[in-house]
Amino acid sequence: MASEFVSIIRPQSDKNSNQEAHGKSYPVLPVRDTVLMPHAVLPLTVGRESSIQLIQSLGEDKTILVVAQKDARQDVPDGQDLHTIGTRATVHKVVKMPNQSLFVFTEGMDRVKIGDYTQTQPFLKAEFEVLEETEAPESPEDEALKRNVLAQFQEIVTSSSTLSDDLQTIAINIEEPGRLADFIASSLPFLTTAEKQELLEIVDVKSRLQKVNAHLAKELEVQQLRNKIQSEVQDSVQQSQRDFYLREQMKAIQKELGDQDETQKDVQDLREKIEAAGMPEETKKDALKELNRLSRMNPAAADYSLTRNYVEWLAVLPWAKSTSEAVDIKKAQEVLDADHYGLKKVKDRILDYLSVRRLKPDMKGPILCFVGPPGVGKTSLGRSIAKALGRKFSRISLGGMHDEAEIRGHRRTYIGALPGQIIQHLKRVETNDPVFMLDEIDKLGRDFRGDPAAALLEALDPEQNNTFRDNYLDQPFDLSKVLFICTANQLDTIPGPLLDRMEIIELTGYTEEEKVNIAETYLIPRQVKENGLQPEQLTVPRESVALIARHYTREAGVRRLEQQVGTVARKTARKVAEGTLKDGESFVVTPEVVHEFLGGIKVRVDTEIAERTKRPGVAVGLAWTPVGGDVLFIEANKMKGKGHFSMTGQLGDVMKESVQAAHTWIRSNAALLGLDDEVLKELDIHVHVPAGAIPKDGPSAGVTMATALVSLLTDRPVRPLLAMTGEITLSGNVLPVGGIKEKFLAAKRAGVRDVILPIDVKANVEEDLTAEQVEGVTIHYASRIEDVLDIALPKTLREASQDEEVREEVLAAAE
C-alpha cells in the first residue's frame with residue numbers, strides 16, 4: 001500500500017527490451033488502494049508474507065508486475081481478485097522496517113496486460129503483454145487539449161497547500177501527451193483508485209488526456225467552491241467577532257450610565273414570571289438554573305432562542321392558577337337543560353360529579369367518554385358542562401393522530417421541538433382546571449412514530465396524571481384538576497387499557513318526537529340567527545318539522561335535520577332579500593313549502609317495509625352500526641333443484657353461521673312447521689341481504705333469517721311494519737344481543753309498529769328506554785323461535801286479511 005508518491009522523468013523503455021520481456025513469467029505484486037502509473041516512482045509498504053517473499057526472491061532482474069486489487073479488503077488475493085491491466089515496474093530500493101515489513105521504491109515502466117498465472121505459491125507469477133500506446137499525428141486540437149490540461153494542472157497546484165510547486169516545472173518539461181497524462185494522474189491525490197485504474201487501462205493517448213482534462217476541470221470547480229465557502233465563513237466569523245466586541249462595549253457604557261440592555265430586561269421579566277408562577281420547588285429550581293444559563297449566553301448563540309423558549313414555557317404555564325368560582329348545582333342544571341333536550345342519564349351523572357366536587361373541592365376529576373353516533377350532541381354537551389362549571393373549555397381533535405409526540409411533546413434535542421397538545425392547550429386556557437374535550441378518541445392512528453393511545457394512558461389515569469411529564473418540559477405537571485371528556489362513535493377501536501380508564505356514557509340517538517322538540521327549541525332559532533333573519537320572519541309549524549325529520553332525514557342524531565332546517569332558512573332569507581317577503585310579515589313553512597324547498601320525499605322506510613313484506617320470504621331485522629341503529633331487509637327465494645342452499649350480500653362469517661343455524665332448525669323441525677322433508681330436498685333456497693356492496697356481520701339477524709325462511713316455505717307473508725332482532729341456536733332458543741336501544745330507535749324512526757326482542761333484554765329495555773320513546777310501538781318478547789313465528793306470521797286467514805288491510809292502509813297514506 002502506498003504511503004506517498006514521487007514522480008520523476010525517465011527515458012522511455014526501448015522496444016527491444018519490451019520484446020525480450022514479452023512471454024516471460026514475472027512475479028505479480030498485488031497492491032491495495034494504489035495504482036502505479038508508467039514512468040512514476042512510488043514507495044510501497046509491503047506487509048503480506050507472500051509479498052515479502054516475492055521481494056526477497058528478486059535477484060539480478062528486479063522487474064515485477066504491480067497490479068491493483070479489485071477489493072482492497074481481500075487479504076489473500078488470487079488472479080481473479082486482481083485487475084487485468086497493471087504496470088511493469090523495477091524495484092530500485094528495499095528498506096526493512098522495525099515491524100518486519102518492507103519499504104519498497106518502485107518505478108513504473110510500461111502498461112501491461114496480465115496473461116495466464118503460472119504460479120500461485122508462495123507468490124503469484126504471470127505472463128504479460130506490453131500494451132503499446134496508440135497516438136495519432138498531432139493536430140492543433142491535440143495541442144490545445146494538452147495546453148488546457150497543463151494550465152488547469154498548474155492552477156490546481158498553485159491553489160493547493162499540499163502539492164509541491166516543483167510539479168509544475170516537471171509537467172512543463174514533459175513533451176509526450178501520454179506521459180503528461182500519466183504524470184498528472186499519479187500526482188493528483190483526489191483521484192480515487194478506480195479512477196486511476198481507469199486511466200491506466202486507456203491505451204489511446206488522446207482519450208486518456210481528455211479523461212484527465214475532465215478530472216482537472218471538476219477538481220478546479222470544487223476548489224473554487226471551497227474557497228468561496230471558506231471566504232464566506234471567514235467573513236461571518238469576523239462579523240461575529242466584531243458584533244461581540246461592540247456588544248461588550250455597549251454593556252460597559254450602559255453599566256456606567258446605569259441603563260440595562262434589552263437582553264437583561266428580558267431575563268428579569270422571565271425571572272419575575274417564574275417567581276409568580278407558583279410552580280413546584282424542583283421545577284422552579286430547574287427553571288432558574290436555565291434562566292441563569294440564559295443570562296450568560298450571547299443572544300447570537302445558536303441555542304439562545306431554544307433555551308429562552310424553554311424557560312418561557314415553564315414561566316407561562318398555569319401551575320397554580322385555577323378557576324375559583326363556586327359550584328352552583330341548580331344553575332348547572334339550568335344550563336344543561338337550556339342547552340340540551342333530554343339526555344337525563346348524562347345530566348344526572350354530571351350533576352352527581354358537581355355535587356361531590358362541592359363537598360370535596362380537591363377531588364380527582366373523572367374521565368368521561370361520550371359514545372354515540374354522529375350528531376347526537378357529544379361535543380356540544382362538553383361545552384355545556386364547561387359552561388355549567390364556570391370553567392374554560394378546550395377541544396383537542398384526536399382523529400387521525402398517529403404521532404406520540406402530539407400528546408407527550410418532542411424532546412428538546414430536536415429542532416423546532418414543542419410541548420404536546422395537552423400542555424399547549426393548558427397554556428391557551430391559562431388555568432389548570434379546564435374542561436378538555438378529546439374528540440374522536442376511537443379514530444387514533446399508530447405507526448413507526450409511536451402509539452398516541454399509549455401516550456394517553458398516563459394523562460387519562462386519575463391515579464397518575466398528577467405527575468404528567470411532557471417530553472419537552474421534562475417536568476411533572478398536575479392534570480388531576482382537569483376534567484377530561486372523550487367522545488367516540490364506537491368502542492371497538494379503543495384499546496382495552498385506555499377504555500378501562502374511562503367512564504362510558506352512551507348517547508344512543510333520538511326519536512322523531514325528540515328531534516321535533518330539539519329542532520323547535522335549538523335548531524330553528526340557531527339557523528334563523530345564522531342566516532340573518534329575525535325570529536318573527538320565519539315560522540315552522542310542528543307538523544312541518546315532523547315532516548322534515550321523518551321523510552328528509554334518516555339518522556340517529558340531528559345533524560342532517562339541522563342542515564335541512566338551514567336550507568329552509570336560506571330559502572326564506574332569499575325571499576326577504578328579493579323583497580318577496582315584506583317587513584313585519586312572517587313566512588310560514590307549510591308541508592307544501594317543505595316539498596318546494598327540499599324537493600320530493602327522500603325517505604319512505606315505513607312504506608318500503610309494507611311494500612316489500614307483501615310477498616312471502618321477506619323479513620325486517622334490526623342492526624347496530626357506528627352511526628346508530630338501522631333496519632335490515634332479509635329476502636329468501638326458492639326454486640326447483642336438488643336441495644342446494646346459497647347466501648349472498650357480502651355476509652360475514654358470523655351472519656353466515658346464523659343463516660345456516662336457521663336453515664338447520666327448519667329442516668329438523670319440518671314436521672312441526674307442516675313442511676314435507678321430501679319436498680325440501682327438491683328445492684334450492686337462496687337467502688340474500690340487499691345492499692350487496694356493504695359488508696355485513698353479526699349474530700343479531702338469526703331470528704330474522706329463520707322467520708324469512710319459514711315465511712317462504714309456508715307461503716305466509718310476514719306481518720307489515722314488524723321488525724325483530726336476536727340470535728338463534730340450533731335448538732331454537734333466542735339469545736340476547738347488544739345495541740337494543742339503538743335498534744329500537746331505528747325501528748321507530750322507520751315507522752315500525754311491532755318489535756320482537758329476546759326475553760333476556762327486557763330489563764335493559766325498561767331501564768334504557770323512556771315511556772315517550774316506547775310510545776306507539778308494541779314490544780314482544782320471545783325466548784324460543786316458535787314464539788317469534790307465532791307473532792311474526794299470521795296463523796289464520798282472518799289474521800292474514802287483517803295484515804293486508806294494514807299494509808294497504810300504510811301504502812294509501814303514503815300516496
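By class, how many nonpolar, polar and charged residues does the lining of the largest pocket have?

Reply: Keep in mind that this is a predicted model. Sorted by class, the lining of the largest pocket has 14 nonpolar residues, 13 polar ones and eleven charged ones. The space in this pocket comes to about 880 Å³. It is lined by 38 residues, and the closest to the centre are Glu 506, Leu 507, Thr 508, Lys 741 and Asp 768.

Now for where the lining comes from. Six elements each supply at least two residues: the helices α12 (344-359), α26 (740-749), α27 (762-768) and α28 (771-774), plus the strands β14 (503-506) and β17 (618-625). The largest share, four residues, is from α12.

The largest of them has 56 residues, and Leu 354, Phe 370 and Ile 385 touch the most other members. Helix α18 (residues 512-530) gives this core its largest share, seven residues. As for Leu 354, leaving aside residues up to four places away in sequence, it touches Val 327, Ile 329, Ala 332 and Leu 389. Another core, of 50 residues, lies apart from that one, and Met 297, Leu 473, Leu 479 and Phe 484 are among its members. Phe 484 counts as buried, at 0% relative accessibility. Its ring forms an edge-to-face aromatic pair with Phe 436, 5.8 Å centre to centre and with 65° between the planes. Phe 436 is buried too, with a relative accessible area of 0%.

Conventions
Residues numbered from 1 in each chain as written. Predicted model: local features only at pLDDT ≥ 70, side-chain atom pairs only at ≥ 80, totals over all residues. Heavy atoms only, no water. 1 Å grid on protein atoms, 1.4 Å probe; cavity = no way out; pocket = protein on both sides within 12 Å on 5 of 7 lines; lining within 4 Å. Points joined across faces, edges and corners; volume = space filled by probe spheres on them. Nonpolar A, V, L, I, M, F, W, Y, C, P; charged D, E, K, R; others polar. Core = buried A, V, L, I, M, F, W, Y, C linked by side-chain atoms within 4.5 Å. Buried < 20%, exposed > 50% of the residue type's maximum accessible area, 1.4 Å probe, protein only. Contact = heavy atoms within 4.5 Å. Phe/Tyr/Trp six-rings, centres within 6.5 Å; stacked < 30°, edge-to-face > 60°.
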